[in-house]
Amino acid sequence: MMLARAFVSHYRRHPIQLLALALMIVLATMLWTGVTVLTDQARNSLLQSENAVAARAHVIRSDGRPVGVDDFAALRMAGVCVAPWLELRRPPPEGRVIGIDPLAMGCFGDTGLGSGADTLDGAPFLDISEAAELSKEGYGSRLYLLARDENRDLPTGYILREFSMGPPTGELADSFLLNLDALSLLVLLITGLLVRSVHRLGIAQRHGSFSLLHRFGVPRQRITQWLTLELLVLTGICVVPGLWLGARLAGMLGSGFGQALDSLFDVAVYAGAEEALPWRAASIVVFLVLAACLVDWVVPARWRAMAGQVQGRTIAFLMFLVGLVGVALAPALAWVFVATAMVFAGAGWLTPEWLALLAQRLSNRTGSRREDPLARWRQRELAVMFRHLALPVVALQFAMATVLAVQALVTTFEGTFETWLAQRLEAEFYVEVPANADADMAAAQLQSLDGIGPWHRVIRGQAHIARADSGSQRGLVDERIAVDLFALMPISDLVTKWSLLESVEEPWQKLEADSVMINEQLARRYRLEVGDTLDIRLADTNRNAEVVAIYADYGRPAGEILMAGSALPAAFKPHFQSFSVTPGSVAMADIRGRLSDTWQTSELTIRDNNSIRALASKVFSQTFLLTRAISLLTLLLAAMALLIMGWVFFTTRVKYFQLLGVWGLPASKVRRQLRRLSVALTLTVTIAALPLGVWLTWVLVSRINPLAFGWSLPMDLYPLFWIELGLVAVATGLIIAHLMRRQLGHMDSIKQVEP
């Protein structure tokens with residue numbers, strides 16, 4: 001009991017330290033809980049969504065007529081597993097409604113649509129009978145008959161076609177989750193540093209008390225056990241409110257993410273994070289706190305002593321260099337993460353000492369020029385602070401570097417994605433060619449229309465390619481590979497303004513002359529370049545074609561070649577065809593009528609590309625809102641930690657600041673020096689974070705994304721955001737100085753010595 005009172009007495013004398021440590025544990029738990037809950041819920045919900053409404057097959061009639069209830073009954077009686085899916089489009093704010101039959105979905109079993117049937121509960125899903133009643137109110141509707149992909153042997157008169165309810169964004173959600181996972185690891189590192197920094201400051205102040213206890217006969221092992229028990233009790237108390245706050249944080253931020261994926265997949269994908277507290281995250285936080293705070297009792301003393309010596313700094317510098325080289329040369333994503341961790345570890349090890357040495361040298365230069373002695377005092381004091389506040393300084397540096405990188409990535413992705421989407425959706429309308437319909441006759445009808453705007457026919461299928469010079473060391477080998485085929489006929493003004501990653505001069509004219517373009521994924525995967533020659537097999541025909549351009553194709557993993565439709569052999573059978581049409585002075589209703597008459601069907605799939613573009617842009621902006629929010633919270637947490645640590649550390653040096661007043665400096669000028677000192681501390685850390693943030697941006701756009709998904713992003717830095725971070729740093733420094741006014745408030749009563 002006496003030993004317990006001895007441990008508690010420290011916090012009775014220093015309640016601010018107890019409050020700071022408790023607050024750090026609560027905030028760290030809150031942030032980590034919010035991130036892990038959001039990531040887990042997003043991933044699980046995404047998998048359910050893909051099982052429910054991802055691209056799959058649906059049954060259509062080969063005569064072009066729409067399917068109905070009679071077709072559903074006939075197919076089920078023939079033993080075909082199909083499920084009705086009634087899509088009802090209502091105007092905002094109600095939006096799309098989908099009628100389903102859970103009983104019919106039971107034939108899918110544990111795979112395919114059936115595995116997600118239990119999640120289709122609530123908006124926008126209704127029982128199909130209710131959706132049918134709503135369709136009587138005059139809303140446009142369409143019935144789909146979903147089927148297994150393996151149902152290839154259908155009764156006569158029916159065929160399978162691809163079915164998807166959302167825009168083709170491919171791996172956009174996977175890319176988001178990968179970035180979120182990487183951010184989560186950085187958040188875990190930063191929170192560990194913050195908790196350790198507050199705890200180590202208290203340990204340093206309690207060193208004398210521990211030495212006294214040891215002299216009175218308390219073994220050091222016993223002291224360590226009591227420190228562990230103290231941390232367990234404090235963490236156990238603080239984790240629960242942190243979990244609750246983190247779950248609420250996930251609920252608030254998750255609503256934006258849920259709306260994004262809801263728009264993308266047409267299904268409510270965010271299962272509420274408020275149903276139960278995530279105790280798994282709590283166990284990780286408890287382990288993190290104990291590991292971060294008690295690592296000194298695990299690491300040998302000579303290793304800890306070496307960390308601050310020349311030998312330790314040399315190891316850190318070598319680790320830093322090896323990490324840089326490793327990131328640049330790593331062949332796989334896992335090695336990139338390992339090398340990135342080495343760079344962060346080396347930078348965190350070296351930064352406080354380098355900043356302290358820089359401040360020390362500046363003070364020496366200031367002293368040699370006999371300039372303002374207060375400037376020399378500030379620089380000396382800054383050097384001391386960099387060494388004593390090493391952990392919160394490093395945490396703030398990592399947080400700001402992360403925020404810089406994520407902000408650059410998201411802003412770059414927004415601009416790039418908008419440009420790419422505008423290129424792909426340049427036409428005003430998209431018209432799907434029905435199964436077994438004559439696309440040549442439809443093209444002739446469009447060609448004959450006076451006043452029609454630019455249009456082209458899109459032909460999609462599959463080709464097999466190999467490099468024509470297969471003896472080359474680089475690129476493809478003799479074995480042919482299957483790639484997606486994307487053909488256009490004619491090459492209209494809708495595509496000739498595309499922004500290409502690489503190209504020869506006049507690439508579109510050369511495309512019409514039997515050359516090809518390839519997407520970035522194919523170029524990276526097989527190290528193809530502009531000017532290479534590909535041996536292409538289309539149906540039963542082989543031909544050689546030069547690669548005249550490489551184009552961006554974000555969000556999908558497949559390799560693709562683009563060629564002129566006029567170069568396709570007669571035996572080629574497309575998997576899918578459509579028309580991209582800008583009506584010009586012709587009414588779209590007239591175009592629809594002509595195509596309906598040509599194809600002898602009233603069921604045409606015509607989409608307004610402007611609405612698709614608006615939806616995709618909204619999805620994208622909402623998807624990365626979560627990343628922005630977590631980055632900002634990480635930055636605020638690190639800034640708060642530096643604020644608390646700075647305030648606590650400044651209070652330990654109050655007597656030195658008071659000496660300035662005793663030596664004749666007015667109280668107002670003492671406070672001014674304090675403001676300049678605290679702002680210099682936070683602003684210097686921000687400047688030190690810039691190189692790390694720029695490098696991390698390059699890693700995200702040029703290494704992680706290409707290795708994970710096969711496509712990269714342009715490298716943009718956005719220096720205006722650096723100014724915003726600088727303002728955050730200045731504000732943090734000013735708050736620290738303001739908090740110190742209470743500690744120095746009684747200096748006004750000190751008699752000033754006249755100079």
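Reader: Which residue stands opposite Ala549 in strand 13?

Author: Ser503 does. Bear in mind that this is a predicted model.

Reader: Noted. Which strand pairs with strand 13 there, and in what sense?

Author: Strand 10, residues 500-503, pairs with strand 13, residues 541-551, in the antiparallel sense. The pairing runs over 3 bridges.

Reader: What about strand 11 and strand 13, parallel or antiparallel?

Author: Parallel, over 4 bridges. Strand 11 covers residues 516-519, and its Ile518 stands opposite Ile550 in strand 13.

Reader: And strand 12, how many bridges does it share with strand 13?

Author: Strand 12, residues 533-538, pairs with strand 13 over 6 bridges, in the antiparallel sense. Leu538 stands opposite Thr541.

Reader: How many residues sit between the strands in that hairpin of strand 12 and strand 13?

Author: There are 2 residues between them. Ala539 in this hairpin takes a positive phi near 55°.

Reader: Switching to strand 7. Which of its residues are buried?

Author: Both faces of strand 7, residues 429-432, are covered. Phe429 and Val431 are buried on one side, and Tyr430 and Glu432 are buried on the other.

Reader: Which strand is joined to strand 7 by 4 bridges?

Author: That is strand 15, residues 576-581, running antiparallel to strand 7. Phe429 stands opposite Val581 in strand 15.

Reader: And where does strand 16 come in? What stands opposite Tyr430?

Author: Strand 16, residues 606-608, is joined to strand 7 by 3 bridges, and the two run antiparallel. Arg607 in strand 16 stands opposite Tyr430.

Reader: On to charges. How many salt bridges does the structure hold?

Author: The structure holds 5. One of them joins Arg61 and Asp71, with the closest N and O atoms 2.7 Å apart. Arg61 lies in strand 1, residues 56-61, and Asp71 in helix 3, residues 69-77, so the pair ties together parts that are 10 residues apart in sequence.

Reader: Are Arg61 and Asp71 buried or exposed?

Author: Both are buried.

Reader: What does Arg387 meet in a salt bridge?

Author: The side chain of Arg387 meets that of Glu353, at 3.4 Å from N to O. This pair links distant parts of the chain, with Arg387 in helix 13, residues 373-388, and Glu353 in helix 12, the two being 34 residues apart.

Reader: Why is Glu353 called buried?

Author: Glu353 is buried because its relative accessible area is 19%, and the cut-off for buried is under 20%.

Reader: Which is it for Glu520, buried or exposed?

Author: Glu520 is buried, with a relative accessible area of 4%. Arg524 is partly exposed, at 40%.

Reader: Now the surface. Which residues make the nonpolar patch?

Author: Phe317, Leu318, Leu321, Trp354 and Leu357 make a nonpolar surface patch of about 460 Å².

Reader: Which helices supply it?

Author: Helix 11, residues 310-329, and helix 12, residues 333-368, each supply at least two residues. Helix 11 gives the most, with 3 residues.

Reader: Where is Trp354 found, and why does it count as partly exposed?

Author: Trp354 is found in helix 12. It counts as partly exposed because its relative accessibility is 46%.

Reader: Last one. Which residues form the positive surface patch?

Author: Lys669, Arg672, Arg675, Arg676 and Arg741 form it. Helix 22, residues 667-709, gives the most to this patch, with 4 residues.

Reader: What about Arg675, where does it lie?

Author: Arg675 lies in helix 22. At 36% relative accessibility, Arg675 counts as partly exposed.

Definitions and conventions: Residues numbered from 1 in each chain as written. Predicted model: local features only at pLDDT ≥ 70, side-chain atom pairs only at ≥ 80, totals over all residues. Heavy atoms only, no water. Pairing = 2+ DSSP bridges. Patch = residues over 30% accessible without salt bridge, like charges linked within 9 Å, V, L, I, M, F, W, Y side chains within 5 Å. Areas by Shrake-Rupley, 256 points an atom, 1.4 Å probe, with all protein chains shown as cover. Salt bridge = Lys/Arg side-chain N within 4 Å of Asp/Glu carboxyl O. Lys, Arg positive; Asp, Glu negative; His and termini not counted. Charge placed at Lys NZ, Arg CZ, Asp CG, Glu CD. Buried < 20%, exposed > 50% of the residue type's maximum accessible area, 1.4 Å probe, protein only.
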